[in-house]
Amino acid sequence: MALTSFDLKARDGRARCGVISTPRGEIRTPAFMPVGTAATVKGMMPESVRETGADILLGNTYHLMLRPGAERVARLGGLHRFMNWERPILTDSGGFQVMSLSSLRKLTEEGVTFRSHVDGSKHMLSPERSMEIQRLLGSDIVMAFDECPALPADRRRLEESMRLSMRWAQRSRDAFGDRPGHMLFGIQQGGLEEDLRAESAEALRAIGFDGYAIGGLAVGEGQEAMFGCLDFAPGQLPEDKPRYLMGVGKPDDIVGAVKRGVDMMDCVLPSRSGRTGQAWTRRGQVNIKNARHADDPRPLDETCTCPACRSYSRAYLHHVYRAGEMIAGMLLTWHNLHYYQELMQSMREAIAKGRFAAFEAEFHARRADGDILPL
Ligand SMILES: [Zn+2]
């Protein structure tokens, strides 16, 4: 019997719900993965992240290879043990962040050489090195090494970049080898061009992966263009494998992506915005810094069961944020992650019951009402 699997449980239109099984636990899909960049979801204890309903975390190869170093994490027992998270971990390949964060990059057929944004030291990433790092970390879902061009990019640049990524996908597959219990995902590229996306999907299918990511979106093209691409991109990928949209997004991006057949997503938004005083609720975005909350004894969201809403008022959250207290970011991050996971759970239930359209209408209607009125 295979140690990993993906079982589709229900479909509603193009939306799907299912379960990815790994030796470290099940991942209910559609799944949202909180981002634990530097072996921590900032401001959260791992057990608290689990309490929000997360089945899987994302770790960043680029950050971890630079600090504390993949070999060191391996000597210390691997990333799960190092960060005290025993459930599944997906690691990205490092390709995207090398392009966005490092300096003095040099891209060749072999890979990318660059200088660390931390201390200026020189490093190299290639498909082979990325597979090695992700193996040292002990990642359950490994991502193929790819190149992600910023949008807008001209067609020629997209085409060349996509074909390079497909050659790297084959090298990633070869270097990954046979690792029972671990999954390797390929990454579709091709910008917003339908034929390039199709060519990329075909190349990935020919190589064969355990799952398929839609890469190169949420890089500044806007929601309308992203949804336009998601109207065809997921359908080009194999039906019986998980589809992962990388780096997305806001709650309405997530709902639109699930509607279009996406099974997994990740984004720093709920944790990052928690640290900058932004909360996400069923009614949209709340800026807790706003003076209107200073005397408000009501919770962020009276129906939310997270600790921030159960035990604290808007006035308290406003106060600790303005006072620069750590608990502000902790509570808002907890609330935001809880809200995101509840959103995923609602979508899984709606798909299973064949009522995704009704769910979507309610989701948008509630947001259109806006936040509760000031007292
Ligand atoms: Zn809450």
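**A close look at the aromatic rings**

Modeller: Happy to! Phe 209 and Tyr 212 are both buried. Keep in mind that this is a predicted model. The two rings make an edge-to-face pair, with 6.0 Å from centre to centre and 85 degrees between the planes. Searching the whole structure turns up 8 aromatic pairs. Another pair is that of Phe 359 and Phe 363, which is stacked because the ring centres are 6.2 Å apart and the planes meet at 25 degrees, under the 30 degrees that stacking requires. Both of these residues belong to helix α16 (residues 356-369), where they are 4 residues apart, about one turn of the helix. In an α-helix there are 3.6 residues a turn, so residues three or four places apart point the same way. Phe 359 and Phe 363 are also both buried. Elsewhere, ring pairs join Phe 32, Tyr 339 and Tyr 340 into a cluster.

Arg 260 lies over its face, 4.1 Å from the ring centre. Phe 227 is one of the buried residues of helix α9 (residues 223-230), together with Met 226, Cys 229 and Leu 230. Viewed down the axis of α9, these buried residues fall within an arc of 160 degrees, so they line one face of the helix. They pack against α8 (194-207), β12 (211-214), α10 (233-236), β13 (243-245) and α11 (251-259).

Methods: Residues numbered from 1 in each chain as written. Predicted model: local features only at pLDDT ≥ 70, side-chain atom pairs only at ≥ 80, totals over all residues. Heavy atoms only, no water. Buried < 20%, exposed > 50% of the residue type's maximum accessible area, 1.4 Å probe, protein only. Helix = DSSP H or I, 4+ residues; strand = E, 2+ residues; numbered from the N terminus. Arc of directions from axis to C-beta. Contact = heavy atoms within 4.5 Å. Phe/Tyr/Trp six-rings, centres within 6.5 Å; stacked < 30°, edge-to-face > 60°. Lys NZ or Arg CZ within 6 Å of the ring centre and 35° of its normal.
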